[in-house]
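Here is a short walk through one structure. Keep the sequence and the 3D view open side by side.

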Amino acid sequence: MLKMKDYEFWFITGSQHLYGPETLAQVEKDSTAIVDGLNKSGNLPCRLVFKPVVKTPSEITKIFKEAQFDDKCAGVITWMHTFSPSKMWINGLKDFTKPYLHFHTQFNRTIPWNEIDMDFMNLNQSAHGDREHGFIVSRLRKNRKVVVGYWEDEEPQKKIAGWMRSAVGYMVSQNFKMLRLGDNMRQVAVTEGDKVEAEIKLGWDIEYRGIGDLVAVMNKVTDAEVDKKMDEYRSKYDMDTDNIDAVRYQAKTEVALEKIFEENGYSAFTTNFEDLHGMEQLPGLAAQNLMANGYGFGGEGDWKVAAMTAVMKAMSEGLEGGTAFMEDYTYHLEKGNEHILGAHMLEVCPSISSTKPKIQVHELGIGGKSAPARLVFDSAKGDAIVASLIDMGGRLRLIVNDVKACPPLQKMPRLPVAGVMWIPLPNLAVSAEAWILSGGAHHSVLSYSLTAENMRDWAAMMDIEFIHIGSDTKIEELEKELLWNDLAYKLK
Ligand code: MN
């Protein structure tokens, strides 16, 4: 899988021959200055590459074909310095499926009141050229991001940066492979879904292997390999147990999983506590440390949340915060101080920890296996999102809720799992009503690093439905949105 820094974005400036070579040379110079300025701002996670100014239909078609098939190019940004008749863009745009951003900016910030003449007007007509450009993209019904603002300002730069992260999520999805160990938990509905549809829409290759395939690899893991993994655990976490054998069992599980992932190119996996034939423990610490190292995970066979965890980790590479597989577990309904307590049986990612995680061994009370080692920690305070991808039958829907997260309000000495609490916006009552009406799962991905806008952009790139629950959510409006979306997707 390529990393964030390996991807680049192409900056394509539109014009036409009508203006003559002198003006076109100036367009090229100004456009180069904008690309340099954006790269030097330090706000973009990936490199922006200047491409020669396009003036004819054949130049436009050629550059979009090249962008489409270049593995490093994660998307295209267009800008019209002058007027660029948009029929010239139809053939280039219509077969282009990668992320696409239209940057509506202008080279000069202010009008040069004393010098302005018709030559200046003809050179600097983004206000007019970008409207012509916008029409044809709307006419082609193409999803794209429009960012408006002066190119030297931080606000549009940060919008472009966020979109680049979503585009990396798009690219990662196109080459994404994951492993289901065992099937979905018996009779659970929301963790199910159409894997063929997911591969068509999202690019995800979701493969199944029986748990015996893992056990066979585990049986060949050497003591030296386990020792090395134990050293990694001791360097990152506090060993808060005398039951070292139980921890070594998780180390052996993790080493075996890593071998299977590397051999097959998997970036995420699921387990199911109902299906652990030949295993002594449910992977707990193993799953948590794999998540800390960038892999996605989903419990009970939930491949959608496992893949989303991996994709969102890739999108947030280099950002503060952390991104974790999560589950709404129980509520604190104290009037005026309502919170959700999120956790899982074991597998919460330590990337969201605010304390040094402790390795502990406790009974699970479910699944009938030995007491598994797991990491126990509290999470950080901060703005976050929770995201849930569901299969509505015929289409995928991504639901995102803005939340205010915090460590557990009080100590919970008898609860041996990692925990995080949050106030969902606009408040617990409206959020939970909206989430349930939208069909959101109990499993989600919690991220302190990404925003609802990142996920909205990603959903648009994937051409899937997006529902945002936030401070402005009104149930009456949401109900209409859900009804209208249902109709719209039937027509698509
Ligand atoms: Mn679960």
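Ile111, Trp113, Ile116, Met118 and Met121 make a nonpolar surface patch of about 540 Å². Bear in mind that this is a predicted model.

Take one member of that patch, Ile111. Ile111 lies in the loop that runs between strand 4 (100-104) and helix 4 (118-123). Its relative accessible area is 39%. Ile111 therefore counts as partly exposed, because that class falls between the 20% limit for buried and the 50% limit for exposed.

Now turn to the metal. Which residues coordinate the manganese ion? They are Glu300 (OE), Glu327 (OE), His344 (NE2) and His443 (NE2). The distances run from 2.0 to 2.2 Å. Along the sequence, the donor residues follow the spacing E-x26-E-x16-H-x98-H.

The cut-off for buried is under 20%.

Finish with helix 6, residues 154-174. This helix has 21 residues. From its first C-alpha to its last, helix 6 reaches 30 Å. That is close to the 30 Å expected at 1.5 Å a residue. Helix 6 is also mostly covered, with 16 of its 21 residues buried.

Note on methods:
Residues are numbered from 1 along each chain as its sequence is written. This is a predicted model: local features need pLDDT of at least 70, side-chain atom pairs count only at pLDDT 80 or more; totals for chains, interfaces and linings use all residues. Side-chain values use heavy atoms; hydrogens and water are left out. Helices (H or I, at least four residues) and strands (E, at least two) are DSSP runs, numbered from the N terminus. The expected span of a helix is 1.5 Å times one less than its number of residues. Buried means under 20% relative accessible area, exposed over 50%, partly exposed in between (1.4 Å probe, protein chains only). Donors are N, O and S atoms within 2.8 Å of the metal (3.2 Å for Na, K and Ca); water is not among the atoms, so sites may look incomplete. Patches are made of residues with over 30% relative accessible area and no salt bridge: like charges are joined within 9 Å, nonpolar side chains (Val, Leu, Ile, Met, Phe, Trp, Tyr) within 5 Å. Accessible areas come from the Shrake-Rupley method with a 1.4 Å probe; for residues, only the protein chains shown count as cover. A salt bridge is a side-chain nitrogen of Lys or Arg within 4 Å of a carboxyl oxygen of Asp or Glu.
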